[in-house]
Amino acid sequence: MTGRVQGVGFRPAVYKIARSLNLSGIVYNDTKGVTVESQGEAENISEFLTRLQSGADKPPLAEITSCEVVDIPVIESETEFVIEMSDANGTPLSQVTADIATCRDCLSEMADKEDFRYGYPFINCTNCGPRYSIVKTIPYDRPNTTMSVFKMCDKCAAQYKDVRDRRFHAQPVACSACGPQILLMDNTGKSISTQTERVIAETAKLLMAGKIIAIKGIGGFHLAVDALNSQAVQLLRRRKKRDHKPFALMAASIERIKEYALVDRAAGQILSSPQSPIVLLPKKPDSQIAPSVAEGVSTYGFMLCYAPLHYLLFAQNIKVLVMTSGNISDEPLICKNDKALERLGDVADAFLMHDREIYRQVDDSILHFVDEQPAFLRRARGYVPTPILMEKSCRADIFAAGADLKNTFCFARQNQLICSEHIGDLEDAEVYHHYIDSVEHLRGLFEVEPKIVVCDLHPGYVSTRYALSMPDADIIQVQHHWAHIASVLVEHGLEGPVIGLSADGTGYGTDGAIWGCECLIASLEKFERFGHLSYYSLAGGDKASKEAIRPVLSLLMKAYGSKFTLEKFDWLLERIEPDKGRPETIFEQLEKGINCVETSSLGRVFDAVAAILGLGNYNHFDAQLPMALEAVAAPNIDDYYQIESFSPPGEPHRFGIAKTFRQLISDVQTGIDAGVISAKFHNTISEILRGFAVICRSETKLNTVAMSGGVFCNRYLINRIVNLLKQDGFSVLLNRNVPSNDGGIALGQASIAAKLTPHDL
Ligand code: ZN
Ligand code: ZN
Ligand code: FE
């Protein structure tokens, strides 16, 4: 059997069914999944097969994707059914699974006064609890986890050893007598309380009094504050030096979340899944949540409690908490007690700590809904390190370095693509060190020996430089948007070619320009640039992705040519950039081409339009302006601006937006509502992308469109394009297992390298 059958209590389940049917045999893990050899009465064998696959006896986390049955000769000497625990033929990867939210059984035990784990904040079992975040090395056994310092008491040990028990071989099993404990400290490190019930009650009291509490969870610290208390939320923003980015929220039930946000059935399912991610949900208009929790966006990021500690805390009459990652601005998430006290001492008023060490920091995962299905914005806790499977195995192990923004990296081993958790933006030195550590850790955990290293084409990426510095490996450099499209292909088990549409911020192109809005004819083997947005110029390097005035000036100059003067657009520019000298300097830079780069970036066009509509002039965090533009887009608008189409022979097809901008500016001058202009602009971009697909199909006869890139995190845009393309008869593929932003780049790189490397048959 293949699928998610390892490390989820599958072998004990097989054992139980076999015993109940009087079968003899053996069950063991191997490289592909689980193998069962069994013999007994024919009807019992067939019932065995039915029950294995039917679901009723299947452990909750298990998922069988294939089951192959073969007849073998009877083994006379065999008399009983055994679980082969040693993993002689197995890969170690089998053993390490993702961190899983507290299951129902554990929750009801925790609430049961008669149970010996009543009120215990670290209750867990085979079906739930920490895994990846506590593993130091393989094999996944207690001595190799941060639970090694806790000696199991007799009661816990008995359950751990009993194959019929829900805690059979659950490595983090513990109780209040033998396991980790919580404590509450003030921000000088002085203990306030170590008695579990008092710690919980005190913490709740402080939170309700508007205090900021650092709470140690599964993958790291959260900074928690009462989300209904506006002053407290603003205080957290100031202290955390995080002025704008929306905060994540936590509640204890879907019913509670529904008081503040719209939760449909599909969203409810994801929220309450064992992975328990943050899900972006449309805000309710009359919500009581403090406005500063999530300004300039139309959604709240909500998650349900996922650790026993969360449930105990929320049981103290807490409604909804901000639970934002415990770090300072863009630094890595903090997971160690001493570091938390040192770095967060100025942010938090108190610390709810525990003595179970977090070995791997893992952020909360974030999903949203596009085309009515869940899609990742960040893949981390709950999903990592579950591999994504390829159709074929690669012969050599591969390391894919990923991109510099929203970095993840990826290993390919046999038919498995093992993606890392979200690492972050590598330009931060601490994040970069964390990246290097993480590469080593995951490599060791999966015993990967990369012979092939694949990275981005961008010579300035630190991930590229890191990859190029790796000894004894063949290097493959992959163009950014090709990797985006490849990530979609491999997720859907395809090799291409397809029409690849990439709507993106920045990616280094084969011509040295910064690409962004691209139509590629792409397979896992090669790509051709079929079309792109007409180039415009960006001045000032990296500043151009933060300061909207830079794309604004460039796009206006492109739209009006020699007719453009700063004086004529004073009315607009002074709104965007109050310092008069700056537009002049940038204008001059653009005119003379000093420190300028040609680009087809779509992200910067969104920045420009957001700024022109008065929605801000600076990206304090990635995509702040585009998100603000999306948030105001009016519903039910079908109009769009005109676009220009160029087909120079022998060159990629190009769409231009000079006319678009002239019409858009005229709408602004007429006083048309910003929401309407935003919608028309979104619709225009949709027409461009649709145009690429239609022209590309007519020339290539390809009918499948794969779409990826950071700009497709925009739900208005992606939903509209998907609809248009479906109306036009295309089959449309999107990322579902990795983000369509740069968090998916590593997967694409790895799948291209796997294809370019000889396959086993
Ligand atoms: Zn459990
Ligand atoms: Zn115990
Ligand atoms: Fe990208």
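## Zinc sites, cores and domains in a predicted model

Along the chain, the donors of the zinc ion (ligand 1) are spaced C-x2-C-x18-C-x2-C. Donors here are N, O and S atoms within 2.8 Å of the metal (3.2 Å for Na, K and Ca); water is not among the atoms, so sites may look incomplete. The model is predicted: local features need pLDDT of at least 70, side-chain atom pairs count only at pLDDT 80 or more, and totals for chains, interfaces and linings use all residues. Residues are numbered from 1 along each chain as its sequence is written, chains are lettered from A and ligands numbered from 1 in the order in which they are written, and side-chain values use heavy atoms, with hydrogens and water left out.

**The zinc sites**

| Ion | Donors | Distance | Angles |
|---|---|---|---|
| Zinc ion (ligand 1) | Cys103 (SG), Cys106 (SG), Cys125 (SG), Cys128 (SG) | 2.3 Å | 104 to 119 degrees |

The angles around the zinc ion (ligand 1) make its arrangement tetrahedral. Four donors count as tetrahedral if all angles lie between 85 and 135 degrees. The ideal angle for four tetrahedral donors is 109.5 degrees.

At the zinc ion (ligand 1), Cys103 sits in the loop between β5 and α3 (104-110), and Cys128 in the loop between α3 and α4 (154-161). The pair therefore ties together parts that are 25 residues apart in sequence. Helices (H or I, at least four residues) and strands (E, at least two) are DSSP runs, numbered from the N terminus. Cys103 and Cys128 are buried. So are Cys175 and Cys178. Buried means under 20% relative accessible area, exposed over 50%, partly exposed in between (1.4 Å probe, protein chains only).

**Nonpolar cores**

The largest nonpolar core has 70 residues, and Leu501 and Met707 touch the most other members. Helix α20 (residues 674-700) supplies the largest share of this core, eight residues. Another core, of 63 residues, lies apart from it; Cys103, Ile134, Ile213 and Ala350 are among its members. A nonpolar core is a set of buried Ala, Val, Leu, Ile, Met, Phe, Trp, Tyr and Cys residues joined through side-chain atoms within 4.5 Å.

Not counting residues up to four places away in sequence, Met707 touches residues including Val488, Leu501, Phe712 and Asn735. Contact means heavy atoms within 4.5 Å.

Helix α17 (residues 603-612) is mostly covered, with 10 of its 10 residues buried. Among them are Arg604 and Asp607. Gly614 follows α17 and has a positive phi, near 80 degrees.

**Domains**

The domain assignment gives domain 1 (2-83), domain 2 (182-366), domain 3 (383-495 + 743-756) and domain 4 (515-521 + 530-737). These bounds come from an automatic or database domain assignment. The C-alpha centres of domain 2 and domain 3 are 31 Å apart. Contacts join 13 residues of domain 2 to nine residues of domain 3. About 1,100 Å² is buried between domain 2 and domain 3, and carbon and sulfur atoms give 53% of this area. Buried area is the accessible area (1.4 Å probe) that two parts lose on being put together, summed over both.

Glu78 lies in the loop between β4 (63-66) and β5 (81-83). Its relative accessible area is 18%, so Glu78 is buried. Leaving aside neighbours within four places in sequence, Glu78 is in contact with Ser24, Gly25, Glu37 and Gln39.

Asn415 is in strand β18 (residues 410-419). Asn415 counts as buried because its relative accessibility is 15%. Beyond residues up to four places away in sequence, Asn415 touches Ile388, Leu389, Met390, Lys392 and Ser393.

**Backbone exceptions**

Most residues other than glycine have a negative phi, and most peptide bonds are trans. The bond from Val384 to Pro385 is cis, with omega near 10 degrees. Pro385 is in the loop between β16 (373-378) and β17 (388-400). Gly496 and Pro497 are also joined by a cis peptide bond, with omega about 5 degrees.

Asn22 is not a glycine, yet has a positive phi of about 60 degrees. Asn22 is exposed, at 71% relative accessibility. Asn317 has a positive phi near 65 degrees. Asn317 is exposed, at 72%.

Key: Tetrahedral: all angles 85-135°; square planar, octahedral: opposite > 155°, others 65-115°.
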